[in-house]
Amino acid sequence: MDRLSLEHLNPSIYVGLRLSSWQAGTKENLYLHSLKLNYQQCLLGSASSGHNSHCQAKPSMGQLALYLLALRANCEFAGSHKGDRLVSQLKRFLEDEKRAIGHKGHPHTSYYQYGLAILALCVHQKRVHNNVVDKLLYAVKHEQHLHQGHLSVDTVAMAGLAFTCLERSHFNPSLRLQITTAIGTVQEKILKAQTPEGHFGNVYSTPLALQMLMASSTSYLELGTACLKAKAALLASLQNEVFQNTLVISQLLPVLNHKTYIDLISPDCLAPRVMLGPATETFSLTSEIISVTLKVLSIFPPYKQSIFVLAGSSLEDVLKMARELGGFTYETQASLSGPYLTSVMGNEVGEREFWQLLRDPDTPLLQGIADYRPKDGETIELRLVRW
Ligand code: B12
């Protein structure tokens, strides 16, 4: 929360904190204030101040949706003139995405952001057309449209949260039956994705999956054991310091407080929360040198190089070192999850392509370049793939 530049402002952090059992006093108000300034300026073109030059990129549909969730987390409705314009913008985004799905078979952004946008409008008691909801219903039913044929637990969980809000709010009454069926389908898919350790999908999709199950379950008995097992697995992961990324932590905090995004329909802003102490940073100083092999086979000629870095360095440190040594270049883009790798050796990603991070032989990493810390002797591959 100390980082108030637009690059780091993250509405998801505010939502997570407000739905947790912790509070950050005046810092929280300042953070929401900065969110409002930045999002209004960048999205409404700031007619009052006449410039929006510090907005590097306009917030995406999903970012606008998260901003609206942040307002609800503070018990505000987007009722003012400015709020109404933001709601209209989000509805327009959704309409465009609906058309993209019609033409290309998938949205420009992702079904994750599509679900998030429906959820955000819903908690603000704003309705969307049946045909917008219909596209998400279809995608959940025919899952291959969601994620390269694989089930993305995060994406179905987000869709499930959106459906649960619509059902609770009695919106889209003519789709009621389909919405209820879809909620059941999502629950089933999440439960089926439970790993032997108890995670739904992987450790980082478990917080959203649990939110979905907790919010939608009518009979706690039926979901009880699976949820308990998942919670135990999460607590174990917490002890092992697996949660480093602020965005995933922000999705986890509500769950630890028995809350979900559905609570934003009527949030309890007076619930007592415990004041957070000052942040303590732990540094592990070491002078041990490790070797990490970096390889890129998606280009010609292929690149393969051993890089020497201090033990405990992140993959981003390895990439920086490789660049310093020469013969390797890369670019990143700031996102709510941290730096996202967009280009390697001048090869920018095209539409629905991404630079996948893998550990040899063929294991996709579960963390981004800033969070993943390779071990001595590891080989990391950067691979340009379609999704
Ligand atoms: C959609 C999605 C993708 C899409 C993004 C493309 C697109 N046009 O949407 C694809 C399939 C390409 C993708 C790739 C990756 N993803 Co992803 N992704 C998601 C998902 C489902 C939603 C993100 C989103 O839209 N958020 C909402 C919008 C409003 O926020 P945003 O910041 O503006 O969104 C952008 C970033 O999230 C970025 N992005 C997507 N994934 C990741 C991962 C990291 C580490 C970073 C820094 C950025 C990033 O793409 C979004 C669109 O521009 C999340 C699920 C979740 N629980 O958050 C996982 C999630 C964020 N991804 C994850 C991972 C691990 C990855 C990869 C590192 C996998 C890999 N081994 O290569 C790569 C990124 C590699 C890189 N180049 O840096 C993890 C991160 C866990 C963690 N500890 O931080 C999550 C939580 C999924 C999970 N449960 O494992 N992802």
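**Strands and ligand surroundings in a predicted model**

Colleague: How do strand 8 and strand 10 run, parallel or antiparallel?

Modeller: In this predicted model, seven bridges join strand 8 to strand 10.

Colleague: Which residue in strand 10 stands opposite Thr293?

Modeller: Strand 10, residues 379-386, is also joined to strand 3, residues 289-296, by three bridges. These two strands run parallel. Within strand 10, the residue opposite Thr293 is Thr379.

Colleague: Which residue has a backbone N or O atom 2.9 Å from a nitrogen atom of the ligand?

Modeller: A polar contact requires a pair of N or O atoms within 3.5 Å. A polar backbone atom of Leu341 is 3.0 Å from an oxygen atom of the ligand, and a polar backbone atom of Leu365 is 2.8 Å from a nitrogen atom of the ligand. The elements that give two or more residues to the shell around the ligand include strand 6 (338-344) and strand 8 (353-359). The residue with the distance of 2.9 Å is Trp355.

Colleague: How many charged residues does the shell around the ligand have?

Modeller: The ligand is surrounded by 33 residues, and the closest include Gln63, Asp154 and Leu336. By class, the shell has 15 nonpolar and 17 polar residues. The number of charged residues in the shell is one.

Technical notes: Residues numbered from 1 in each chain as written. Predicted model: local features only at pLDDT ≥ 70, side-chain atom pairs only at ≥ 80, totals over all residues. Heavy atoms only, no water. Near = heavy atom within 4 Å. Polar contact = N/O pair within 3.5 Å; in protein donor to acceptor, adjacent residues only side chain to side chain. Helix = DSSP H or I, 4+ residues; strand = E, 2+ residues; numbered from the N terminus. Nonpolar A, V, L, I, M, F, W, Y, C, P; charged D, E, K, R; others polar. Pairing = 2+ DSSP bridges.
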